[in-house]
2 protein chains.
Amino acid sequence: MYGFENERFLSVMNGAANNIARINEVVDELCKEGYENLFLLGTGGTYAIISPLAYLLKTNSKITFYHDIAAETVKAKPKSLGKGSIVITASLTGTTSETIEVVEYAKSVGAKTVVFVGDAKSPLGQAADYAIENDAENDNLVEELHLQFFALGARFMKNNNEFPEYEEFISTLKIMPEVLLKVREENDERAEMFAKKHKDTKFHMFVGAGNTWGETYCFAMCVLEEMQWIATKSIHAAEFFHGTIEMTEKDMSFVLIKGEDETRPLVDRVENFVNRYSDVVQVFDTKDYALEGVSEAMRKYVSPMVTATQLERVSAHLEKERGHSLEIRRYYRTVEY
Amino acid sequence: MYGFENERFLSVMNGAANNIARINEVVDELCKEGYENLFLLGTGGTYAIISPLAYLLKTNSKITFYHDIAAETVKAKPKSLGKGSIVITASLTGTTSETIEVVEYAKSVGAKTVVFVGDAKSPLGQAADYAIENDAENDNLVEELHLQFFALGARFMKNNNEFPEYEEFISTLKIMPEVLLKVREENDERAEMFAKKHKDTKFHMFVGAGNTWGETYCFAMCVLEEMQWIATKSIHAAEFFHGTIEMTEKDMSFVLIKGEDETRPLVDRVENFVNRYSDVVQVFDTKDYALEGVSEAMRKYVSPMVTATQLERVSAHLEKERGHSLEIRRYYRTVEY
């Protein structure tokens with residue numbers, strides 16, 4: 001597959017799966033000490049990538065949680081963030097300044113901090129109470145973080161006598177490296193066709209919901225805008241009908257991200273609508289893949305990982321078709337601001 | 001002022017202020033019964049308009065709250081939403097189907113429900129445990145809801161022995177009708193200039209943060225997209241630097257929404273950046289107004305109302321300059337979907 005190394009992907013993903021034992025130790029220790037709430041924090045990509053964990057907790061647990069932007073948290077100083085809070089965040093390089101700042105702030109008010117990093121010796125790794133290390137790259141980061149965030153969330157729930165699916169869920173996470181590799185292979189041609197068709201498209205409307213909303217937001221912003229300089233709007237499927245709907249035109253490109261959780265009907269509704277009024281509708285649907293070894297009950301939980309894997313192929317082919325490297329930035333970490 | 005009736009505005013806003021006594025009764029009764037968490041829910045505009053209440057609670061209270069989209073809540077069925085929950089939402093017409101559904105769902109799982117509606121006899125008003133009525137129109141709805149949401153949130157905090165600013169805050173809310181009318185008058189010319197300059201602009205990037213983020217999102221979606229069919233992206237100021245920044249071009253229109261809460265420096269940072277790389281930057285800043293009678297300490301709290309009042313003038317002048325009525329819809333409540 002263009003721009004992709006199978007072995008490297010499996011090694012990164014298995015690295016994440018192998019971290020589950022360590023994640024369990026950390027969570028068990030934190031639960032033993034007791035806590036009041038979880039703060040799921042991130043910056044750009046990681047704010048989006050942690051969003052399926054928020055959805056997992058929302059739909060399966062009574063644990064109090066907040067899902068917020070790191071830099072805003074540092075400024076806003078939430079009253080509920082303090083002793084008794086556990087902050088969970090991530091940064092591949094471990095150098096994202098806003099993420100480091102929020103971990104330092106959280107510690108200063110008495111919270112515990114758990115970070116997922118590519119290098120535990122990075123500034124973020126050093127700043128946190130618990131650094132869980134797994135080296136990764138941009139093209140496998142989303143799924144390896146999903147896997148670890150999910151394992152962590154599931155452990156919190158299990159320790160709270162919730163989430164009876166725990167054992168099956170963890171077993172499922174462990175086979176996801178191979179499952180996702182197969183999705184990548186199966187989606188490669190479709191992604192290439194999308195990239196060829198849309199190499200000159202100037203604007204896309206991305207629509208998603210539930211546990212794939214984060215990836216909808218993330219792909220639009222962190223890939224199309226950041227790496228390909230293509231304008232996007234990402235809009236939640238339920239919100240679409242309350243404003244953005246009026247932008248629908250025959251030639252408006254809609255990219256619908258469908259997963260298999262409870263909110264799927266919200267995206268179905270958008271799909272039914274835009275198919276009537278636009279000629280340019282693309283659906284990336286996790287249901288298109290067999291996901292061998294994943295039970296019917298588990299499919300909805302892993303949807304965000306499947307979505308990310310589908311869309312990574314789109315990134316790769318857009319790079320090739322547009323002759324625009326995914327590595328070029330005009331501003332980010334290029335100029336001072 | 002074009003498309004605006006001073007007397008009607010004052011009457012709607014004073015109607016909201018006069019509801020404070022009733023809001024207090026409702027909140028006091030709910031607090032007496034006890035509760036575990038608040039669910040701040042909305043649909044499109046109201047999801048955005050309730051967002052400053054979420055920020056108020058976040059920064060001043062330890063009350064557990066969730067701020068979610070109504071339709072997603074009905075599907076996702078959050079585990080924390082049930083007996084002990086209080087749902088707070090609104091709909092001007094009282095006929096927004098997703099909002100009615102979420103109130104019915106919340107009641108079915110044992111939650112209490114409080115709604116702000118234009119007509120207590122509407123389906124939403126009838127469905128809720130407590131309906132607080134104030135008739136309004138699209139051009140004053142945001143502020144009249146802010147006023148009532150704020151009064152409600154402040155009362156919850158006061159009853160929780162938080163928010164020592166309570167008395168001054170409520171006194172401030174009561175003078176806001178006159179204060180906001182003056183802001184509208186002072187901003188009218190600037191809004192007209194913006195509308196003239198941008199009558200043919202095809203795309204705007206809206207940036208905001210903190211308690212004015214909701215209005216940033218709302219104005220882009222519910223006015224420019226819904227009422228003027230102009231494409232937008234709204235992006236949180238902290239998130240801007242992690243993807244969307246790469247879209248910056250000399251001719252990209254940036255509209256920055258600045259309030260006076262703790263997150264203002266996040267928008268300052270975007271302002272500094274885009275002023276270097278774009279020639280088309282407009283800032284709507286609450287600091288430009290004297291807000292007579294509002295103390296320095298209270299200014300940050302009322303920023304969302306000031307922002308909404310500034311932007312309403314922009315809506316009105318865009319309608320005039322573009323010859324595009326704010327009332328026309330091609331799809332919403334026009335076709336079936």
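Reader: How many bridges join strand 6 of chain A to strand 7 of chain A?

Author: In this predicted model, six bridges join strand 6 (residues 203-208) of chain A to strand 7 of chain A, and the two run parallel. Strands count as paired if at least two bridges are found between them, so strand 6 and strand 7 of chain A, with six bridges, qualify as a pair. Within this pairing, Val207(A) stands opposite Ile235(A) in strand 7 of chain A.

Reader: What makes strand 7 and strand 9 of chain A stand at the edges of the sheet?

Author: The open sheet has four strands in the order 7-6-8-9 (chain A), with parallel pairing. Strand 7 (231-236) and strand 9 (280-285) of chain A each have a single partner strand, so one side of each is left without a neighbour in the sheet. From one strand to the next, the twist averages 20 degrees.

Reader: Why are helix 10 of chain B and helix 13 of chain B called roughly parallel?

Author: Helix 10 (residues 213-228) and helix 13 (residues 296-322) of chain B pack at an angle of about 15 degrees, with their axes 11 Å apart. Since angles under 35 degrees count as roughly parallel, the two helices of chain B are therefore described in that way. Their crossing is right-handed, and their contact has, by class, seven nonpolar, three polar and three charged residues. Among the residues that meet there are Phe219(B) and Val223(B) in helix 10 of chain B, and Leu311(B) and Leu318(B) in helix 13 of chain B.

Note on methods: Residues numbered from 1 in each chain as written. Chains lettered and ligands numbered in written order. Predicted model: local features only at pLDDT ≥ 70, side-chain atom pairs only at ≥ 80, totals over all residues. Heavy atoms only, no water. Axes fitted to C-alpha atoms, helices over the stretch in contact; angles between N-to-C directions. Parallel < 35°, antiparallel > 145°, perpendicular 65-115°, else oblique. Left-handed = near helix turned anticlockwise from the far one by under 90°. Contact = heavy atoms within 4.5 Å. Nonpolar A, V, L, I, M, F, W, Y, C, P; charged D, E, K, R; others polar.
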